[in-house]
Amino acid sequence: MEKIFSTSLFLLWNIFMVAQNTGAISGNIIDQNTQEPLIGATVSIEETDLGTITEIDGSYRVEGIPVGSYNVTASYVGYKTLTLYNIVITSGNDNIINFKMEEETIEIEGAVVTTNRSISITTAENPNSIQRLSTEEIKANPGGNFDISRVVQSLPGVAGAIGVGGFRNDIIIRGGAPNENVYYLDGIEVPNINHFSTQGSAGGPQGMLNVSFIEGVTLSTSSMHARYDNALSSVFQFDQRTGNPDKFQGNFRVSSTEAALTLEGPIGEKITYLASARRSYLEFLFQAIDLPIRPNYWDFQYKVNYKINNKTSLNFIGLGSLDDFSFAVPKNTDPDKEYIIRSNPIINQWSYTTGVSLKHLVDGGFLNVALSRNMFENNLDKFADGNDGNEDFRTLKSESQEIENKLRVEMTRYNNKWKYSYGGSFQYVKYNNDYYNKLTEEIIDPASGQIIQPEIILDFNSAIDFTRMGFFGQVSRKFFNEKFNVSLGLRTDMNTFTNKGMNPLNTISYRLGVGFQVNNKWRLNASSGVYYKLPIYTILGYQDEAGNFVNKGNKYIQSFHCVVGTEFIPNPSLRFTLEGFYKNYNNYPVSVATGVSLANQGGDFGAIGVEDVASVGKGRTYGLEFFAQQKLTKNIFAVFSYTAYKSEFTGLDNSKYISSAWDYGHLISLNLGYKFKKNWEIGAKYRFAAGAPYTPYDMEASQLNYALTGSGVLDYSQLNQEQLPSFNQVDIRIDKKWNFKKVTFDLYLDVTNAFNMKQTAAPNFTFQRTEDGSDWLTTDGQPLSLDGSNAIPLILNNESRLITPSLGFIVEF
């Protein structure tokens, strides 16, 4: 028995410990412009003697790499050296690392001294206002919780919806509204990347994308390529990697809020796959800490790559979600919990995007064809005073679907130093909304019999379908041995629904970018462009009492951008940028009822835009951004950004500019990380935003309507005239990895608001209730009157101090 026991221990030791110190990387190296594979390119692992060269199809594989973090460099004669930083090697999973290398112009007369500028991601088409995050930067971001929408808030000019508590993923780019951004997953547009999304916007409290799929995220906040439509502030490009072509592998992630499983591998010689599923258990956590909300979500993601031959490949992608947001009566109540129950709608959502894209290499370029379909169903229910399910108390019902079927065709060619692309997109759109919203009760003065307030109900069932189309062309070239580059793009968009939507002259827009390489370290750049966005579907589908689509006359929203900046790269791993920007808006939708620009909306749950609007609003945002980035060097990496800006919009009186809800003034983000020996890593992030503007309540109107709506009525005559205290937050993350034979165990602790700083959101209006929350307190001891005159108003300061630790682990196998 002793021998058997000893032998068993020896075998277990070998299984888990032998060869635990090595891993592998594999991938492909292609020409950035033509997508052709580069044969014989060299791949080297810095600070080791390990490396290899690419095969005839551009693929490579390096095995036996000691576990740890490395910078990996690709080089090829006639191409610029490219380094990818902070590549984490583990024994559990192979790391799939792909390179896109740019051809280098060589000066004939005399040698050209070049610097490795891998840290720079600017191109001739995007000379400025562009940032990129690697998958490791997303995973290791303190407070990010593997959520890409939160991680990008570390970048210059990017903020969240601080005024609603800082817990949502509403992405504010340079003072623009959350719905001014567009998202592309492997070239296929994904309208919604968040759970519990606000319809008409794009934010929500939790992101949907699985970081295990992501190769990198590129954010363009200006100088956006002409191929992209409907973007006023930014374009997010999420590049997914392919599944492991050599073997089956996967990972299982568990945190304090969710569990996720990802699997990948080959199917034969030509097909690879990635697939994942994630399930939250937030409802159990909130039940345990006696919060009244019960959020529950699932999401699913897949990618299948089929390499037909050396010239042609197909990608099949999919992303879907199931969301349910309901409420429960807390065991121990207080005014804040009672407010939550009565102010928010019950949400039941589901969404999906699925598509297939074909890439075919041609002489000097490539053809991309993408066919996709996305659908978003949003069901909202709300009942007065929390009487959920009782139709006599219903105040809101919305059963809405948004469906888009899309075809995109693009050709990109590179010839004699000229790069040009052209193409078009076609969409068939359907939008339905069965909508009921009781906005106000009829209130009659008992003494005079006069109507103090009329009953206002929106009740319609709309269904629209129409076609959207757009065409673009863009050309760029580098001159004088790549010292000077210029790019020019043109685009037009049309639709068959709005009154003048089929006139292509109304939406002709340009993109112009220039760059000048002063020397090996300094670069100057400038860009200008005009961008258009179709009003959101909730606006287009709104009907009045007679059944008329009153917003058909709305115009495309226009945004003009102008950016001037510089980039300084003193060494291959250190980068500084400084940019000044100006954006000007025209035709912004303004609420006819309130006179307020919809640019202020999108940070709450539910939907925006279901109302009569006029496209008469104007806006402007302008400011200065500074960014510094130190890639992994001597175990240290760091990112710092500072933005000073102003964001203003007009209402129906478009001569008066008023601070928008996103006019924070100053943004600061600092992210530091250090990698210790034995696979320990620690990171810290600090975020600051100057006080967010907010609008105070109309106390009289709030008292009249709170019992019905569950929230106060804002005094729009004082729009954004109040200001919250500054937002400060420090997040800390600690990781420790154990590498066994073919298995890696990663234990992490992520602490949000580690220093317990006070977070303040806009105050809430409510009525005082009895101690057990079962009824209203009134001034006369009688039941609450219809007009709320005997209620006791209460303003909730909406402040919190909450340290949120998240302990989790990842098993790679």
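Which side chain does a polar contact of 3.0 Å join to that of Lys631? The partner is Glu137, where a polar contact is a pair of N or O atoms within 3.5 Å; within protein, one must be able to donate a hydrogen and the other to accept it, and residues adjacent in sequence count only if both atoms are side-chain atoms.

A word on the basis of this. The model is predicted, so that local features need pLDDT of at least 70 and side-chain atom pairs count only at pLDDT 80 or more, while totals for chains, interfaces and linings use all residues. Residues are numbered from 1 along each chain as its sequence is written, and side-chain values use heavy atoms, with hydrogens and water left out.

Lys631 belongs to strand 35, residues 613–633 (strands are DSSP runs of E, at least two residues, and helices are runs of H or I, at least four, numbered from the N terminus). Lys631 is buried, at 14% relative accessible area (buried means under 20%, with a 1.4 Å probe and protein chains only). Beyond the neighbours within four places in sequence, its contacts (heavy atoms within 4.5 Å) include Tyr85, Ile119 and Ser573. Tyr85 is 546 residues away in sequence, yet the C-alpha atoms are 6.4 Å apart.

I turn now to the nonpolar cores, sets of buried Ala, Val, Leu, Ile, Met, Phe, Trp, Tyr and Cys residues joined through side-chain atoms within 4.5 Å. The largest has 31 residues, and Ile148 is among those touching the most other members. Strand 16 gives the most to this core, three residues. Apart from it lies another core of 23 residues, including Ile557 and Trp662.

Definitions and conventions:
Buried < 20%, exposed > 50% of the residue type's maximum accessible area, 1.4 Å probe, protein only.
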